[in-house]
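Colleague: Can you take me through this model? I have some quick questions.

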Amino acid sequence: MTSVRTESAPADVSVRDFPAGFLWGAATAAYQIEGAVDVDGRTPSIWDTFSRTPGRTAGGDTGDRATEHYRRYRQDVRLMSELGLGAYRFSVSWPRVQPTGRGPAVERGLDFYRRLVDELLEHGIEPAVTLYHWDLPQELEDVGGWPARNTAGRFADYAALVADALGDRVRLWTTLNEPWCSAFLGYGSGVHAPGRTDWTAALRAAHHLNLGHGLAVEALRAILPREARIAVSLNLHEVRPLTQSAADREAARRIDAVGNRVFTGPMLNGAYPEDLLADTAHLVDWPELVHDGDLATIARPIDLLGVNYYNPTVASALPDGQAPDSAAAASDAGHGDGAQSPFAGCADVLFHRAPGRRTAMGWPIDPSGLSDLLLRVHREHPGLPLMVTENGAAFEDRPTPEGAVHDPERIDYLRGHLDAVRRAIAAGADVRGYFLWSLMDNFEWAYGYGKRFGLYYVDYATQTRTAKDSARWYAEVIRRGALPDPRA
Ligand code: FCB
């Protein structure tokens, strides 16, 4: 219907279109949905241990049962098919595939992912595998976890096992999901597993996650067919200074260094930024940590960068005379209430939640952050295709007595953020797809089951899935490849 695009068409019709071939997806992660934590040879990950430790998660919630996706995956693929998803991003549980974190794979564990991939392909849905979404085998944590160099090599071996099993059918691969969270929430502020609070350990973890990524890229390239595409998903912080004062801009620079460039520097430019090394020299002996050859490994080319975005980060300097309160300052950054700031060495940086609408996580709603972020990455790394690998929102969803779930705030959030993606594309960013977080409500880490991000509402007592209004809205977006007219 070319007539739709004639000059007399309203200006906002064609501009709401997404490029042909744009990949429409939804995302989940193993520990958040699978349940079945002790079947078919799976052993505990750091998240099993952490969530079973009193006081670590809201209400003591664990992923023991989660949404029983391990059992119900066929039904869940049908939901994806109802949405018309082009792709589904899921993660493989390391302790299900390689329980001790070393040695041969457990075939029963791999079989689950083989069946899932087959089911997706039968429904015409492209599988997008994330190799690590935070569930380190506990045995590897017991011998040092990510702060130990050995873990990087273990990760690459595990990546090879999964690539051997699924490489013939999966084209889209992601090494790590949000290594910032693994390093700085897991070992810095301690709000994520394994719950350590040691900035030195956090920075060491960051380097070994980088190294694990690079080694995994090498392992994957050796196994996967040429057309496979390899990515990493980063939760890049869209950092904004509170004011344009020199002190606030300096605070924002430091957060950008330890929040973003600690990963993008080595992965995409082949070096840790000088300012990061200087800022953290009192915490880490970088020349001892980074071995010869590490940077070349970490910088192995990737085909796509996954960008996860939820909200912007506003930073300022501590006012003169005010004593740093690292824990209080950090909680305003929206990464949970830890014992200290996750941003290593930044106890004296304050965070501010912009006024205005927020999600149930308390995260400010600001789609401009997503377009600014995509355009910044595009400017700094021209030629690198991008994919939004997570974006979405939790709200206080409640079914009506008739069983409907009306979630206009989520539709509004999604419309705004998809519009931001479209604007970034119009301004030149090469964004190839969008994965909504999340397919269904699930175990939201330290927040437990109280925070609902899904397109499908999950009644945890009965495990019933109900399409929220946003599910129907997203299906319509996918069908049209464009944002529906909000006035319609
Ligand atoms: C991201 C995580 C994802 C989910 C969303 C809300 O940081 O990658 O698992 O918890 O936040």
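Modeller: The structure holds 34 aromatic pairs. Rings of Phe, Tyr and Trp (its six-membered ring) pair if their centres lie within 6.5 Å; planes under 30 degrees apart count as stacked, over 60 as edge-to-face and the rest as tilted.

Colleague: Before we go on, what kind of model is this, and how are residues numbered?

Modeller: This is a predicted model, where local features need pLDDT of at least 70 and side-chain atom pairs count only at pLDDT 80 or more, while totals for chains, interfaces and linings use all residues. Residues are numbered from 1 along each chain as its sequence is written, and side-chain values use heavy atoms, with hydrogens and water left out.

Colleague: Back to the rings. Why is the pair of Y31 and F443 called edge-to-face?

Modeller: The ring centres of Y31 and F443 are 5.4 Å apart and the planes are at 90°, so the pair is edge-to-face.

Colleague: Where do Y31 and F443 sit in the chain?

Modeller: Y31 is in helix α2 (residues 30-33) and F443 in the loop between β11 (431-437) and β12 (456-459), so the pair links distant parts of the chain, 412 residues apart. Helices (H or I, at least four residues) and strands (E, at least two) are DSSP runs, numbered from the N terminus.

Colleague: Now the ligand. Which residues are around the ligand?

Modeller: Q32, H133, W134, N177, E178, Y310, E390, W437, E444, W445 and F453, each with a heavy atom within 4 Å of it. This shell divides into 5 nonpolar, 3 polar and 3 charged residues. Ala, Val, Leu, Ile, Met, Phe, Trp, Tyr, Cys and Pro count as nonpolar, Asp, Glu, Lys and Arg as charged, and the others, Gly among them, as polar.

Colleague: How far is an oxygen atom of the ligand from the side chains of E178 and E444?

Modeller: For E178, an N or O atom of the side chain is 2.5 Å from a ligand oxygen; for E444 the distance is 2.8 Å. A polar contact is a pair of N or O atoms within 3.5 Å.

Colleague: Which peptide bonds are cis?

Modeller: One joins W437 and S438, with omega about 10°, and S438 is in the loop between β11 and β12. Another runs from A193 to P194, with omega near 5°. P194 is in the loop between α9 (179-185) and α10 (199-223).

Methods:
Polar contact = N/O pair within 3.5 Å; in protein donor to acceptor, adjacent residues only side chain to side chain.
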